[in-house]
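Subject: Model for you to look at

Hello,

Here is the structure I promised to pass on. Please open it first, then read my notes below.

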Amino acid sequence: MDRSKSPNMATVLNARRMAKRKLQRSARKNRDKEERAKKEEEEKESLAWKVLSEEQTQALKELTARELEVKLGEVLTIESYHNSLPEACVLDYYVAGFWFAKEQNFTLQQISAFFTLLKVMLDNIKEHHFSLIESIQKFKTLLAGIGVENCPQNGGLECFDVNQAKVITDYFTDSLFQHYRLYQFLFTQEPQEEVVISQLAVEVPPLASVPFPPPLDEGMTEDVWREHVMTPPQSPQLKQQKDGDVDSKGEEAQSAALNLAENQTAEDILASVKPEQVKSIVNKVADEVLGNFKAEVEAKLKERETLLTSKIGKLQTR
């Protein structure tokens with residue numbers, strides 16, 4: 001081998017290596033560019049990230065049910081759900097759907113695509129006034145392409161598999177399609193306003209025309225009322241003095257009656273009584289004295305009569 005030609009061979013080999021590397025880099029760039037374009041095309045056709053971005057989906061997934069309701073109201077600009085029945089129903093529809101996707105352990109892309117599906121199906125009723133048949137047909141077109149490779153009809157839900165598509169179909173059947181007329185009524189009929197008026201009588205205190213308002217007996221406890229309001233009981237000395245006055249007056253009245261009776265003689269008393277009165281008094285006293293004796297005698301006679309009657313009956317039977 002000629003050594004003078006060895007540097008030239010090394011140069012040729014290096015040049016070939018560099019050219020090969022350039023070709024590999026260009027091929028890699030072309031491949032990355034094709035993959036990026038394919039991914040962009042898929043994202044363009046997919047329903048994911050149409051309503052909720054990836055950041056919003058991640059943030060909403062970490063919230064509780066109450067926090068999710070408030071946050072979705074802000075994202076979807078549903079502000080009057082506290083006092084508007086249609087907006088409250090719409091917000092409840094979205095909250096229930098998002099929570100269902102969360103419980104099914106969907107990925108962020110799947111949750112976002114499912115949420116877009118919720119919005120599309122509700123807008124078909126609210127904006128386009130689809131019938132139930134039209135909504136079901138639209139739902140079928142959106143599910144087209146799931147589980148099929150290189151499908152010409154792409155509904156935008158290719159991120160789901162066949163089992164997940166069945167679960168989604170069951171959910172929409174039980175939630176939206178089964179109550180379709182209610183949602184139609186919700187968006188086509190104006191809710192009737194009901195005005196409820198209640199009268200409440202409130203007692204107000206009188207005007208401050210006196211230094212102090214009258215006392216509120218109902219607002220006092222019994223102990224406070226007995227201590228400060230109730231009239232105090234009389235002292236024992238005054239009570240004894242009054243009792244002594246009453247006793248002395250009674251004794252004086254009795255002594256006067258006795259003196260009056262002593263002044264009258266027995267003849268005067270008997271002379272003033274008529275014979276009819278004397279007869280009635282005697283009969284009354286006799287009835288009182290002899291009444292119990294008469295009843296006792298009659299009871300004993302009745303008992304004796306009953307005993308004799310029973311004996312006579314026994315003798316007759318023999």
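Start with helices α4 (residues 85-103) and α7 (residues 162-177): their axes come within 12 Å and cross at roughly 155°. Axes here are lines fitted to C-alpha atoms, for helices over the stretch in contact, and angles run from 0 to 180 degrees between N-to-C directions. The angle therefore makes α4 roughly antiparallel to α7. For such labels, under 35 degrees is roughly parallel, over 145 roughly antiparallel, 65 to 115 roughly perpendicular, and the rest oblique. The crossing of α4 and α7 is right-handed.

Which residues make the contact? On α4 they are Y93, A96, G97 and F100; on α7 they are V167, Y171, F172 and L176. Contact means heavy atoms within 4.5 Å. By class, this contact of α4 with α7 has seven nonpolar residues, one polar and no charged. Ala, Val, Leu, Ile, Met, Phe, Trp, Tyr, Cys and Pro count as nonpolar, Asp, Glu, Lys and Arg as charged, and the others, Gly among them, as polar.

Before going on, two points on the source. This is a predicted model: local features need pLDDT of at least 70, side-chain atom pairs count only at pLDDT 80 or more, and totals for chains, interfaces and linings use all residues. Residues are numbered from 1 along each chain as its sequence is written, and side-chain values use heavy atoms, with hydrogens and water left out.

Now the whole protein. It has 12 helices and zero strands. Helices (H or I, at least four residues) and strands (E, at least two) are DSSP runs, numbered from the N terminus. Of the 318 residues, 19% are buried. Buried means under 20% relative accessible area, exposed over 50%, and partly exposed in between (1.4 Å probe, protein chains only). The protein exposes about 26,000 Å², with 55% of that supplied by carbon and sulfur atoms. Areas come from the Shrake-Rupley method with a 1.4 Å probe. Among contacts between residues at least 6 apart in sequence, 62% join residues at least 24 apart.

Helix α7 also packs against α5 (108-126). The angle is about 35°, and the axes are 13 Å apart. This crossing is right-handed. From α5, the residues are Q110, F114, L117, L118, M121 and I125. They meet Q164, I168, Y171, F172, L176 and F177 of α7. The contact of α5 with α7 divides into 10 nonpolar, two polar and no charged residues.

Helix α5 has another partner, α2 (54-61). The axes of α2 and α5 come within 10 Å and cross at roughly 95°, which means that α2 is roughly perpendicular to α5. E54, T57, Q58 and K61 of α2 touch L108, I111 and S112 of α5. Here the classes are two nonpolar, three polar and two charged.

Last, the backbone. W49 has a positive phi of about 65° although it is not a glycine. W49 sits in the loop between α1 (6-45) and α2. Is W49 buried or partly exposed? W49 is partly exposed, at a relative accessible area of 28%. N105 is not a glycine either, and has a positive phi of about 60°. N105 is in the loop between α4 and α5. N105 is exposed, with a relative accessible area of 65%.

Best wishes

Key:
A crossing is left-handed if the near helix is turned anticlockwise from the far one by less than a right angle, and right-handed if clockwise.
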